[in-house]
Every structure is written in C-alpha cells, then in structure tokens.
Amino acid sequence: MWRTCRFPSSWLPGRRAVRLCSSNPPKPSHSLPSQSNSSLRPQAEKRRRRRAREEAILSSQHSSESVNWSEKQKVVYDTQTPPGTKKDTSLPFPSSYSPEYVESSWYQWWEKEGFFSPKQHEQLSHSVDQTFSLCIPPPNVTGTLHLGHALTVAVEDALVRWRRMQGYRVLWVPGCDHAGIATQTVVERRLLREEGKSRQDFTREEFVQEVWKWKNEKGEEIYHQLRMLGASLDWSRACFTMDPSYSRAVTAAFVQLCDAGLIYRSEALVNWSCALESAISDIEVDSKELSGQTMLFVPGYDNKVEFGTMYTFAYPLEGHNGEVAVSTTRPETMLGDVAVAVHSDDPRYQAVHGKQCRHPFTNRLLPIITDPVVDMELGTGAVKVTPAHDHADFLLSQRHSLPRLTVIGGKGTMTPSCGHWLDVREHRCHCLKTLYYDIYLLPGLCSLFSLCLSRSGDIIEPLLKKQWFVRCDEMAKKAIQAVEDGRLEIIPHYYTKTWNNWLSDISDWCVSRQLWWGHQIPAYQVELPDSTDKQEEQWIWGHSEDEARQRAAVKYGVKPEAITLTQDSDVLDTWFSSGLFPFAMLGWPEQTADVQHFYPNSILETGSDLIFFWVARMVMLGTELTGQLPFKQVLFHSLVRDKYGRKMSKSLGNVIDPLDVIHGVSLERLQEKVKEGNLEPREQLVAMEAQTKDFPNGIPQCGTDALRFALCSHKMQGEDISLSVSQVLGCRFFCNKMWQTLRFTLGVLGDNTTPVGTLEECVPLSSMDRWICSRLHSTVLQCEQAFEAYELHTVTAALYSFWVHSLCDVYLEYLKPVLAQQDAGTAAQTASAVLYHCVSTSLALLSPFMPFITEELWQRLQPFRAGAAAPTSLCLQPYPRSSQLAHWHFPEEEKDFLLVQKVIRVARSLRAQCGLNKEKPVMWAVCSPRQAQALLHFGSAVWTLSQISSLQIYCPDGADDLLSAHSTPPPRGSLAGVVDHTCQLHLHVQTETNVDQQILQLSQQKAKLVPKLEKILCKVQSSDYTTKVPAHVRQTMDSTVSALQQKLQTIEDQLKELQEMQ
C-alpha cells in the first residue's frame, strides 16, 4: 500500500502528469548498488544459522555434553617460598594432582633466573648458532584475554620453549597495544560515571594524563594473565606502543613514508563514526544485513531507531511534464542529491537523457546522467546520486565531474544549511512529510540491505573529510610478490589465495583518527607571512617541530622564524603503530644489537582473522621501511568457537576467561559477568541459558597445563576450533595420570641413592623393555617431524598416546608383577632404568605444552640422575632427539607387538563374556607360524595382560621345531574369538558358565556382523570395483572381508556347539 502526502503546488514548476517508471511498485534499491543480492545471500545464510544455534540453546532440551564433575581435593603448596626462590621439591609427594599445588612458585623462579632471556643461550651446553624470534600479537590494553588469546599463547609458547630446548637463541617479546579508540572510550565512560565530566571538560594534555593514569592502574592485568598462562616471554623487553622509544619509531615511519610519497593528504569519502566523531578503517566496518524494516539500538539514542524501510519519491522534470521516481532507504540524503543516474540502454529513460530535474527543497537543477554502473533491474532503474554520503556515488561523481554537497555533520545531525531538521536517524520521514512533499512508503518490500556499523555498534556515515592516506598499491604488489617468490611462506598455504585477492584489490588506507589518545600525527600546517585564508593548505612533516620548521624554510624559501606551524590534532590509526611491531619492538629506527640479531623475525603466529588488519600491513610497512620482510613465515591458527559453533565474542556473551578455566568459577559468577556486559536482552538470555546448560555446577579448576594441552590438541591449520571445557577437564585427568605415573616411578626407584645409568648406557633386555624403548624412539621421531611442520596436534596426540596407552596401560601393568618377584635381579634393575628414562624423556617432550607439571615432576626425578649436574630447569634441558635414541629403535618389536595388543584385547573381551574376575584360564592361539613366533616372544606380556594361566599355540599349517611342543588343538567347547583372518583365540573355562547368556551374546554379535559384512561385499562385488579402486585399498578390503568372514564362521561354530550343550 503506498501512502501519499501532498505538498503545495508552489513547490512545483508545473503540473506533473507522467511518472517515468514502471507502474508496478518499484523494487527497492540504494543510491547505487554497492552489493548484489547474490553476495548478500551467504550473509543471510550465516544469519539463519546463527538464529538456529540460538534456538537450540533456548530449547527445553538440556545439553547432553554439560560439564559434569565433582570437586577434587585441593592440595596447596604452603611452604614459605619468597618470590623468585626455587620451589622445594624434597617435600613429601602429594597423593593426588592439584593444579594449585603444582603451579605455585615456578613462574616467579623462571622469570627471576632469566631463563626466558636470549642471554641464557651462551650458558647452554647444547647451544646452536641459530636464532628464533617472534613477537606476541599485542593485545589491547583495555581488555582481558579470552580463549582465543590463550590459544595464541599456548601455540607460540610451545614453539618458543621447543626451540629454546633445542639450543636456539630465542627471543619472544611481550607487548601491549594502546588501542586508541577502545581506550579513549573506556576512559571517557569512566570520567562520566565517576566525575560527571566529558572529554571536552579537559584540555587535551589533561585528558591524556587521565588515560595514562588509567593505564598505570589497569594495564598490567593482561601481563598478569600471560604469566598465569606460563608464557616464557622476555619481560625485560616488554613493549607498549605508547612508550617513548616506540613513539619515536612511529614518527620516523610516518616521516619516511611521507618523504617517499607514500603518505598524502586528500579530501575523500571516509567511514565516519558519529559516536566517536572519528574516521575508522574500511576493514573495521562490519556489515549487518537487514531484510526489511528493522529497529536497532544505536549508541547515543534512548529508543531504537528504524532502518531498512524503503521510500520512493519523484523528482519533477525541468521544463517538461513528468517526473523521475527513485527509491532509497535514506531519504534524508536527498538534500545532498546532485544528479539522477540511469543506464544508457534503459528504454524507459531514453527521452530524458541530458535533461534536468528540479530539486523541490533547494530549487537546485539536477542533471540526468547515464552510466553503465546503474542496474536497470534494481528499483525503478533510476538512482539518486549523493556523492558526499555514498561510496558508489562518490566514484560516479569523479567520472562525471559532479559537485559534492555535505548535508550530514560529524555528530550525525543534518547541517544548518538543510533547515530545521531534527536528526539523521530520527523523524526523517516525518520531516519530509511536514514539508508536504510526496513520499511513497513501501513497507516489507525492501530486499537485503547492507548496513555499515562500527565495532561500537554505531552506524557508519560516509562523509567527506580531509585526511592522511597511505598509498598501498605498490607496497601490496611487493607483498604479493614476496609470497610468490617463496621469500614469505604462509601456513596453511590455502590462505595464499585470500592474501593475493585482498592485496590485489586494496584501496588506500586512511590513517587519520580524530582522537586525543594515540600518536599525534607529526605533520604541521604551514602558515607563511603572506598566507591568505583562501590559500590551499600547506603541510610539512618532521621528526620534531624544529625539524619540520627547517624543512618548511627550505621548501618555501623563507626564514624559519617567519613560519607559523600548527601540528595536526589527529592521531594515527592504531593499526599503523601495530604494523611496526616486529622491528619497532627491537629499537628501530636505531640499528640496535637486537635489530641486528633478531630482525627479521623467524615467524609470525596469529589468528587467521588478523590477515588484513595486521599481517598484510606489517609486511607492507616492514618491507618499505626496513628493506626486509618483517618475518619469514606466517602461521595462522583457526578461530576458537564455543561448542555451538558460535565465534566467541563479547557481543554474544559467550567469551570464556582462561583464568576461569584455570582456577574454576561458579555459575553465579559466570552469569554476573554476562549481566555486567552491554548485551541486548535476547543476547543476554541466550548467553545465560547456554551457561546454565553447559556449566550447571560452574567450571571446574582445570589448571594451566590442562588448558594449554587441550588448546594445542586441536588441529590449528584447518577448521575453526570448537572448544568445550569437557575437553580441558579430560586433559586434567591426563595430568593426574602423569602424577600417578611418577608416584609409581619414585616407588620403583625407592630410596636408592645410586644414580640410574645414562640413556646411552641403558640397554633394554626383555622383549617388553625393547618394545617400550622403541615406542619412545618412534614417539620422539614423530614429535620432531610434527614440530617442524607446526602440526602441534600431532605432537600432543603422539605424546598422549605414548604416555597413556603404551606406558601406563601396557608397560606399567606388565612391570608390576615383574618387580614383585623376589629374584628379579638384573631384569628388575634394567626395567627400573628403562622406566626412569621413559618418564624423564617424556616429561621433556611434554614440557613445551605443560611447563608447570613437567617441571614439578622432572625436579622430583633429579636425585636419581647420573652424570654431571643437570641444567637447573627442565625448560633449559635439551629437547629429546631421535638420534639420541637410535640404539633403542627395534622396529620388528613394535610391529610384532601390534598383534600382541590385538590378542590381549580379544582375550579380555572373552573373559568379560564369561564373567571371569580372578580366575586365570588356559588360552589357545590358533595362528600362523609367524604369528606364533611373535606371541611366544612376548609370552610373559600376553600371560600378564590377558590374565591367563598359560598360552597354548596351535598352528594348523604346521610349525617348525620351536613350536613342536605346542601342537595340540584347543579343546571342544572353548569360547572362541577372532583376532584376524589367520588368528583365533580359544578360552578354556573350567568353571560352569551360563550357556544361554553366551548364546545371547554371540547372537547379538552375529546380528551386528552380518550387515557390516554385506555392506562391504556390496562394494567389493560392484562392476567397477577393480577399475576405480586402487590396488592397495583393494588389498586392505580383501583382508577385512576375510577377517569378518572368519569371525562370522567362528561365531556360527560356537553357537552350534553351545546349542548342542543345552
């Protein structure tokens, strides 16, 4: 339904009888289409998925994966230990793992001893002449770390500790970003809340002092969190981007880029935040898609403001009957219209090419221009052109030499020349109607409309402003070329396409910000003795005002004292100073020792969301200012999401503080934090409901080591990480497993003060000793290869598998009865040495990921260490190398034990079927001669771990002399299980068993097995199987089919025997 408001004929030059557009209601359009509907569809799909996730949270179903836990006994380290003093590990070993006990005192000692300084390199006996340097992505001084930051710290610290243990000269520099917009906003709110004052009540110098005061009070919180996370940063080089030395680097960079013609001042359309009264960068603008009339909260407004409604109105033709109708979601900008654009091929407007329309409010004539950029299918096919308030219209005005009229001011209000308007965002339609001009309202017909917002939630207004810009095109080409030439490696490699696409289409970077907190731009407006007000602006720049004055004197040929300089009041974009971090943190522009030793950095590791904000700009600025790439590799990790797949964001209320995971927190406190945030009611409801479902009892105390290990256990170079606290809790259980392993090891070593032999001297004797030693060698090799490829999830998986599945589940269980024997002698002594070295080496392998617990446990082992005194801390120990363990590599032992493990699993399954507890029956293995050799070789392990009294071997295909004593087939009626297609186990149970129960269990196994076998056979017997499936896959499938058929046959034979017994 169109709603019409008439206006007096005095506004019209003549009667309008013809409307030059389709008689159908027009499709909505913006001034000029800046985004097609197809490009908005993915955004609409994201919005739909987000809504679905919210509905899932709000549904009545309770989470099946909520964190269920019981409070563990807390053990506290309460021995008086002055900060920086080494922890006393001679105290009795607590019976259970407690993060609070383990993580006490170690970090202060590491830091005081200078273990994280490059100076330690000279004191290492295993040092190598190689350097590893990187910077931490400097977090905002205003904030606190979340799990995304914790992932960055966990990954970088793992790499740093690994390289340090390898003997590299390592430098990892901590830093903090001054966060111009965020910090100024926080301080302004604080002053308003506590003193009732605004920024304008202070001079600039006074306000900056207030910011420094706030920074000195609150700015150390992030550094405290980094220490709690165990980050081995060199704190003596901590760098804040507003430090005097860093500010000098920012000034030098600006001056150098200006001198090179890469920074210029120009009037251009910028993204303007009315709430901040400042320009912001293009990539700091977020788009919000609206599918129709939408009411939104906007900073500075008490009530919601309407957006997304389409208005249609018509401009009368000058000197002709008729009018041209245009549609817009921003009717207030019509006061800045300077033209109407149509497509030259649009048949509806052929007659009006070159004609003019009369603006009814300003009486201004608007030319009707033709341009191929106009989409004939959108709206009426005619678009209003407002160059001063629309990016697409601005480009159009450049092509057609159109004027640019500013009608919206920096505070978001209409300019005085527009008349008695109330506000850009409120009452705009009312104001137009009050002027009695025809307005046609089309509710519900607005297609997807992209609204630009700043991170503060404010609506962005495109405004014409004179600003400083960085010319990016040539620098971007060099950044692309560096990747193509292989001088800069991006990992994962698929981000190279994103890198190239963005840099190939880069626009110049507006670096001016209308703030008081930040680096004031070192550029000065020059006023000469004969200057006039109408004269074009003249600017000069310099490292200081005196230098700028000297430069101006030379440039304009006047005496320095005759020049008046006024420094630009704007500050530089925070990302400009952050882009200098890899070299400014080392003392650039001075050629300091740090610059010479540690620049370029070895690597940059950061989140993939910073590829444009930070990484590309660092590469461009570093290459231009230093002549070198700032780093050789860029390693991107994925984003951390919550368990529902939502990005962790303050605006969603789903951010988890890593300290809450480390120390634990109640549900009540979690929900208090959500209420303290500035969330919309629905977002707050969703956030609190998710917390209630996920953490009904709060978050348990997991500890730093468990959190770091859980974060590094996810594949970084792939899909986003959906981290749940349950996973972290699982890693705490792993910490307890490590704790109990060391308790057992210390018990084995006992009070023996004789040192254990060195690793090189330790020669495993038994088959099981050889197997666990070889497994350790393979694990070390796997860690070496995965670390070099930055696949930390592979390292953590290998270490977890070795410690839990090989060391604890197999070797320790085998070892217990061996050590209990009175006459074990040499075997027990060798096994003790093997155990010691396996545990000690594993702790060193785990140290980069779990620095606290590994230090605690390793220190407890040191009294038993042989040879010269060890380095004082595990973090300075040599990282284990596979070459050191070459004498422990027994590949045949590992290969044969794979069969033994299968046999043990099947044997335990058979015992469970029979309901056996303590009884140890005789077991027959019907197998091939090769398999028989392997089982006999590991005979003691099979007996112990399978809990059998003896192992009988039967080889139907014949056996050599070694197996002649084991040629009796299994007795009739034995319970059978299949290991593979050539190996079966038969358990001879003496006690009476429940035949009906066994028949039921076997029938259930058969019911599961038959469809599985049929499914595989269907694939194998297909007509194109041999042509499409590779040979090695067919071979694996054939083995699988044979094993399944053998297992099915065994079940059927057993069922037949049991049914005869009934």
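Let's start in a loop: Glu 277 sits in the stretch between β5 and β6. Keep in mind that you're looking at a predicted model. Glu 277 is not a glycine, yet its phi is positive, at about 55°. Is this residue buried, partly exposed or exposed? Glu 277 has 30% relative accessibility, so it counts as partly exposed.

Strand β5 covers residues 263-273, and it pairs with β6 in the antiparallel sense over three bridges. Within this pairing, Ser 273 stands opposite Ser 278 of β6. Both strands belong to an open sheet of four strands, which runs in the order β6-β5-β18-β20 with antiparallel pairing. At the edges you'll find β6 (278-280) and β20 (509-510); each has a single partner strand, so one side of each has no neighbour in the sheet.

Let's step back for a moment and take in the whole protein. It has 32 helices and 33 strands. Of its 1062 residues, 54% are buried. Now take the contacts with a separation of 6 or more: residues 24 or more positions apart account for 78% of these. As for the surface, the protein exposes about 47,100 Å², and carbon and sulfur atoms supply 50% of that area.

Zoom in on the pair β30 and β33. Strand β30 spans residues 922-926 and strand β33 spans residues 983-988, and the two pair in the antiparallel sense over five bridges.

Next, the cysteines. A disulfide is a covalent bond between the sulfur atoms of two cysteines. How many disulfides does a search of the whole structure find? The count is zero. Take Cys 176: the nearest cysteine sulfur belongs to Cys 239 and is 9.9 Å away, and Cys 176 is in no disulfide. Cys 176 has 2% relative accessibility, so it counts as buried. What about Cys 773? The closest cysteine sulfur, in Cys 838, is 5.1 Å from the sulfur of Cys 773, and that's too far for a bond, because a disulfide needs the two sulfur atoms to be within 2.5 Å. Cys 773 is also buried, and its relative accessible area is 0%.

Ile 491 and Pro 492 are joined by a cis peptide bond, with omega at about -5°. You'll find Pro 492 in the loop between β19 (489-491) and α12 (495-504). Another cis peptide bond links Tyr 599 and Pro 600, where omega is about 0°. Pro 600 lies in the loop that runs from α16 (593-598) to β26 (601-607).

Ser 105 is in the loop between α2 (99-102) and α3 (106-113). While Glu 277 is partly exposed, Ser 105 counts as buried because its relative accessibility is 13%, under the 20% cut-off.

Our last stop is Arg 881, in the loop between α26 (851-861) and α27 (891-914). With 41% relative accessibility, Arg 881 counts as partly exposed. Which residues does Arg 881 touch, leaving out those up to four places away in sequence? They are Val 780 and Glu 784. Arg 881 and Glu 784 are 97 residues apart along the chain, and their C-alpha atoms are separated by 7.4 Å.

Definitions and conventions. Residues are numbered from 1 along each chain as its sequence is written. This is a predicted model: local features need pLDDT of at least 70, side-chain atom pairs count only at pLDDT 80 or more; totals for chains, interfaces and linings use all residues. Side-chain values use heavy atoms; hydrogens and water are left out. Two strands pair if DSSP finds at least two bridges between them. Buried means under 20% relative accessible area, exposed over 50%, partly exposed in between (1.4 Å probe, protein chains only). Contact means heavy atoms within 4.5 Å. Accessible areas come from the Shrake-Rupley method with a 1.4 Å probe; for residues, only the protein chains shown count as cover.
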